[in-house]
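Here are my notes for someone opening this one for the first time. Keep the viewer handy and go through the points in order.

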Amino acid sequence: MLQDFAFYTWAQFTPAFVLVGIAAALLMVDTFAPRFPKQGLAVISALSAIVTGLFILPGDGGISLTGLAALACIATGAAILLGVDYHKVTCESVCGAGSQEGTGEFYALPLVAAAGIFCLSQARDIVTLFVSLEVLTLSSYVLAGYFRRNRGSVEAGVKYLVLGALSTGLLVFGAAWYFGMTGSFSLSPATLAVGFLSPGRITGILLAYVFLFAGAFFKVGAAPMHGWIPDVYQGAPTPVSIFLGVASKAAGFCVLILLFRPLYSVLSVPEVGSLYTGRVFGFFSIIMAATLLIGNLGAIPQSNVKRLLGYSSIGQAGFILLLFLGIQTFEVPESGVGVEFVPLQHNVFYYLMAYGLATVPAFYAVALVRMSRGSEELSAFRGLAKTNPRLAFLITVCFASLAGVPLTAGFIAKFRSFVALLQGGSCSTLCWLLPIAVICAAAGFYYYFKIIREMYWEKPLESDKPVTVPGISMAVLILCVLALIWFGSKPLFCASPQGLWFGF
Amino acid sequence: MLIWLILIPVLAAAAIGLLKAPGRATALVSATLTFLLGLGAILAYSGCIDCCCCGAECSQFTLQPVFARVMLLLTLIVTLGAAVGLKAPNPQAERSWAVSTLLISAGATGAFLSDNIISFYAFHELALIPTFVMIGYYGRGDRRSISWTMVIYLGVASMVLLVGLLMLCLSFGAFTFSGLAANVAAGVGNYSYVGAIAGLLLAGFGTLVSLFPFHSWAAPAYASAPTPVAMLHAGVLKKFGLYGLFMVADCFGSHCGEVFGSWNNLLLLFLLGNILWVGYVTVSQTRLDDMLGNSSVMHMGYIFLAFAAYIAANGTNQLAVLGAEALIFGHGLTIALLFLLCGQVEDQTRTLEMDSLGGLAKRLPTLGFLFGLAGLASIGLPLLANFVGEFTIFASCFNGTSFGDGLMNIGPVQVATFFALWGLVISAVYMLRAFRRVFEGEESDAAKRAVALGSGDVLAAAFLAFFIVLFGCIPVTSLF
C-alpha cells in the first residue's frame with residue numbers, strides 16, 4: 001500500500017511549501033504587528049500567489065495538470081488583489097468601519113487554499129487527492145463566511161459548509177469502495193485494470209466512480225451537485241466569489257481529469273470498452289445536458305449580477321464537460337498511457353483560462369459598482385456607458401467573451417467545445433445533445449447581454465456619480481481584456497487553422 | 001497588406017471610442033485610406049494568395065475568389081460613402097455612428113477576405129454587434145424591441161449556421177474554403193450528412209439574408225437603423241449569407257447538386273415568397289424607410305434565384321454566379337444610396353410618412369434627381385448597376401434550356417422564374433409611387449421645412465450614384 005506513495009518527491013511540492021510558508025509568515029505579521037496595514041499583507045499575498053503561478057506555469061499551457069494549478073494560483077492572486085481595493089468593505093463587514101482588526105486571515109487563507117490546489121494537481125492517488133482537496137475546501141468554508149456582519153455571507157458560509165460536507169462524505173465513500181475493489185489507493189490505470197478485469201468487481205468499481213465523480217462534480221459545479229453555487233457566489237465576499245469561481249473550479253477539473261484518466265485507459269481495452277464505453281459516456285452526456293440546461297436557463301431570470309455569474313459558471317462548466325466527449329477521437333498511443341489526455345487537458349486549460357480572464361474582471365466590476373453605488377443588482381449598472389464609458393467598454397468585452405462572441409477568447413473556447421461534441425458524440429447523442437448545446441449557447445447571449453443593455457440602453461439616474469475605479473482594478477481589467485482580445489483574435493488572422501482547436 | 005484593411009478601421013474606431021478622436025474626420029481618413037489600399041490590392045492582384053506574413057505564421061486573408069474581390073470593392077465604396085455622408089444629431093452620436101460604421105466595415109471586410117471558414121463566420125459576428133447596439137440606442141420607432149428581435153433572430157441563426165459550418169468542416173476535413181475545395185476535388189470527405197448540413201446552412205445563411213419565412217426581423221431593423229448602419233447592413237453586411245452560400249457551393253463544384261439539391265424546390269418556394277409576398281407588403285407601406293427596408297428584403301429573392309439556378313445546373317451554370325455577383329454589387333450600392341437619401345429626407349423634413357411629404361423635388365431638385373436615379377436603378381433600368389445583375393440572373397435561369405422540344409425540359413427553376421419576373425412590375429409600382437408621393441405634386445408643409453443639402457450630403461450621394469452609373473455601363477464582373 002505504501003508503494004502508492006513512493007511516486008512522490010519532496011522537491012515536487014516546493015511551490016506548495018512556499019505558499020504555505022508565506023501564508024504562515026503573513027499570519028505571524030498579522031498577529032504580532034497589528035498596526036501593519038492589512039492592505040500591505042494583501043499586496044504581498046497576491047503577488048506571491050501570482051508569481052508562484054507564473055513560475056509553475058508550463059510553457060506549453062496545459063500539457064500537465066500543473067497548468068491548471070498555475071491558473072488557479074494566478075486567479076487566487078487576482079482575487080486577493082481585489083481585496084486591496086475592497087478593503088474598506090471588508091473592514092466594515094468584519095468588525096465595523098474604522099477598524100482593521102481580524103481581517104488579516106482574509107488575505108492569508110487563499111494562499112493555503114492555493115497550496116492545496118497545487119498538491120491536488122500533483123496527486124496520483126486518492127489519499128493525496130482527498131487531503132489536498134480538503135485543504136482547499138476548509139479554507140474556502142472560512143472565506144465564504146468571512147464577512148460575519150453580513151447576513152448573506154454568513155448564510156453562504158453555512159450553506160457551503162453543509163453541502164460541502166455532504167460532498168466530502170460522498171467522496172470518502174467512493175474512495176472506500178475504490179480501495180475495497182482494487183486494494184490500492186493508486187489512480188494508475190494498471191491498478192484499475194486489475195480490478196476491472198477480475199470478475200464481480202466491475203459493479204463495485206463503477207459504484208465507487210459514481211461517488212468519486214459526485215465529489216468532483218460538486219467542485220466544478222456540475223449537476224446534480226450544483227445547488228450551492230448561486231447562493232454561495234451571491235453571498236460570499238466578492239474576492240472569494242472570484243476564488244471559488246475560477247481557482248476552485250480549476251481544482252475541480254483537476255480532480256475530474258485525475259479520476260477520469262485511469263477509467264478511460266481501462267475503457268480503451270477492447271473487451272471492457274465495448275461493454276462500458278457507451279454507458280460511461282452516456283452517463284456523462286446526461287450530466288452535461290443537465291448542467292448546461294440548469295446553468296444557462298437558470299441564469300435568464302436572475303437580477304443579481306453575482307448570482308447571474310454563479311449560474312453562468314454552472315453553464316460554462318457544462319461547456320467544459322463537453323470537451324471530455326472529444327477524448328474519444330484522440331488516438332490512443334501504444335506506449336505512454338495518458339498521452340491522449342494531452343489535447344483534453346490543453347483544451348480544458350484553455351477554456352478555464354478564457355473563462356477566468358472574463359470572470360475575474362466581471363467580478364471586479366461588480367465590486368467596483370458595489371463600492372460606488374451600494375448594490376450588486378443588474379440595475380446598478382444602469383447608464384454606465386454615460387458615466388464611465390471606458391469601464392463600460394471593458395465590461396462589455398468581458399461579458400461578450402463569456403457569451404462567446406467572436407474575436408474574444410470565449411469564442412475559441414466554446415468553439416472547441418462544439419468541435420469536441422461534434423467529433424466525439426455518437427450520432428444518437430448528437431441528436432439530442434447538440435440542440436441542447438445550441439440552445440444554451442444562444443441563451444448565454446441573452447443573459448450576458450442583459451448587462452450590456454443595462455449599461456448602454458438605460459439612462460443613469462440624476463444622483464448617479466461616475467463609479468470610482470482604483471488603479472489596481474483598472475490595471476487588472478485592462479490586462480484581462482487585452483488578453484481576451486489577443487487570444488480570441490490571433491487564431492483568426494493566421495493561416496493555419498490548427499490554432500483554432502489546439503494551441504494559442 | 002490585406003490585414004490592414006481590417007486593422008485600420010478597427011484602430012480608427014478604437015481611437016474614436018476610447019481616445020475621443022473626432023468622429024467624422026477619423027472615419028473619413030480611415031475610409032479613404034482603406035479605399036485606396038483596397039483598390040490598390042484589387043488592381044495589383046495577380047493570383048498570389050496574400051503573401052504578407054506576420055511572424056512565423058502567414059495571414060489567412062486572400063483575394064483569390066472573384067466573389068471576394070467584388071465584395072471587397074462593394075464594402076470599400078459603401079463605407080466611404082457612409083463616412084462622407086455621416087451626419088449625426090449631436091457630437092456624441094456622431095462618434096458612435098462613426099465607430100459603428102468602421103466596425104461593421106472592418107467585420108464585413110474580414111469576412112469577405114477570409115479563407116478560414118471560422119474566421120469568415122467570426123468577423124461577420126463582430127460586425128453584427130454594433131448593428132444591434134446602434135439600433136437599440138439611436139434607432140427610430142420602437143427601437144428596443146426591434147433590436148431585441150434582431151438579436152434573437154440573428155443569434156439563433158448564427159448558432160445554427162455555426163453548427164452547419166462545423167459539421168461541414170468536420171465532414172470534409174478542412175477548415176478553409178480552399179482546403180474544402182481541394183478535399184472535394186480529391187474525393188476526400190463523408191457525404192452522409194450533406195443533406196442536413198445544407199439544410200442548416202440554408203436556414204442559417206438564409207435568416208441572415210432575410211429569406212422568406214425568416215425575414216420578419218429585417219425590414220423593421222433597416223427602417224429603424226441610423227443611416228450609416230442601414231447603409232452598411234442592408235448594402236454590404238447582409239450579403240454575407242449569399243456570399244457564404246455561393247462560396248460553399250463553389251467548393252463542391254459539380255457535387256453541389258448532391259449537397260443542396262434536395263432543398264432546391266423548397267428554396268424556390270421561399271424565394272418566391274420574398275419576391276411576391278414581400279413585394280406586395282412593400283407596395284402597401286406608408287413610410288419611406290419601411291418601404292426601402294421591405295424592398296431590400298424583396299430583392300434578395302432574385303439572388304437566391306441565381307443560387308437555385310446554380311444548384312439546379314449542378315454548378316455548371318457560371319452565368320448564375322456572374323449574375324449574383326453583379327446584383328449583389330448593384331443592389332448594395334443602390335440600397336445604400338436610397339437609405340442615405342432617406343436619411344437626408346428625414347433630416348430636411350423631420351418626417352418619413354409619405355402622405356405628409358410631397359413636392360420635395362421643387363425644394364431640393366438635387367435630392368429628387370438622385371433619388372429618382374437610385375429608384376430607377378433599383379427597378380432595374382438598363383445602364384444602371386442593378387440591371388446587369390437582374391438581366392444576367394434571369395438569363396442564367398434559362399441557360400441551357402432549349403425550347404426546341406416543346407416545353408418538356410422546363411424545370412422548377414424556369415417555372416419559378418416566370419413568377420419572379422412579376423417582381424419587376426411590383427418594384428416599379430412601389431418605387432415610382434414612392435417617388436411621386438415624396439417628390440412630386442403639391443408642395444407639402446413638410447417639404448416647406450426643407451432648407452438645403454449640405455455639401456457632404458450631396459458629395460456622398462453623388463459618389464455612390466457615380467458608381468451606380470459606372471457599373472451599369474461596365475459590368476463589375478467584367479473587371480475581374
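1. Helices (H or I, at least four residues) and strands (E, at least two) are DSSP runs, numbered from the N terminus. Helix 5 of chain B has 22 residues, and its first and last C-alpha are 32 Å apart, close to the expected 32 Å at 1.5 Å a residue.

2. Bear in mind that this is a predicted model, in which local features need pLDDT of at least 70 and side-chain atom pairs count only at pLDDT 80 or more, while totals for chains, interfaces and linings use all residues. Residues are numbered from 1 along each chain as its sequence is written, and chains are lettered from A and ligands numbered from 1 in the order in which they are written.

3. Chain B as a whole: it has 21 helices and two strands. Its radius of gyration (taken over C-alpha atoms) is 21 Å, close to the 23 Å that the globule rule gives for 480 residues, so chain B is as compact as a globular protein of that length. That rule is 2.2 Å times the number of residues to the power 0.38. The C-alpha trace spans about 65 × 65 × 40 Å along its principal axes.

4. How much of chain B is buried? A residue counts as buried if 20 or more other C-beta atoms lie within 10 Å of its own, exposed if 12 or fewer, and partly exposed in between, with C-beta atoms placed from the backbone. On that basis, 61% of the 480 residues in chain B are buried. Helix 5 of chain B is mostly covered, with 20 of its 22 residues buried.

5. Helix 6 of chain B is also mostly covered: 22 of its 30 residues are buried. From first C-alpha to last it reaches 42 Å, close to the 44 Å expected at 1.5 Å a residue. Just after helix 6 of chain B comes B:Gly173, with a positive phi of about 65°.

6. Now the interface. Two residues are in contact if their C-beta atoms, placed from the backbone, lie within 7 Å. Here 29 residues of chain B are in contact with 26 residues of chain A. Helix 1 (2-19), strand 2 (57-58), helix 5 (117-138) and helix 6 (143-172) of chain B each supply at least two residues of chain B's side. Helix 5 of chain B gives the largest share, 10 residues. By class, chain B's side has 18 nonpolar, eight polar and three charged residues. Nonpolar means Ala, Val, Leu, Ile, Met, Phe, Trp, Tyr, Cys and Pro; charged means Asp, Glu, Lys and Arg; the others, Gly among them, are polar.

7. Inside chain B, helix 1 and helix 2 (residues 23-44) pack at about 180°, their axes 9 Å apart. They are therefore roughly antiparallel to each other. Angles under 35 degrees count as roughly parallel, over 145 as roughly antiparallel, 65 to 115 as roughly perpendicular and the rest as oblique. Axes are lines fitted to C-alpha atoms, for helices over the stretch in contact, and angles run from 0 to 180 degrees between N-to-C directions. The residues of this contact divide into 12 nonpolar, five polar and no charged.

8. Last, a look at chain A. A:Phe281 sits in helix 12 (residues 270-299) of chain A, and it counts as buried because it has 21 C-beta neighbours inside 10 Å.

Key. Expected span 1.5 Å × (residues − 1).
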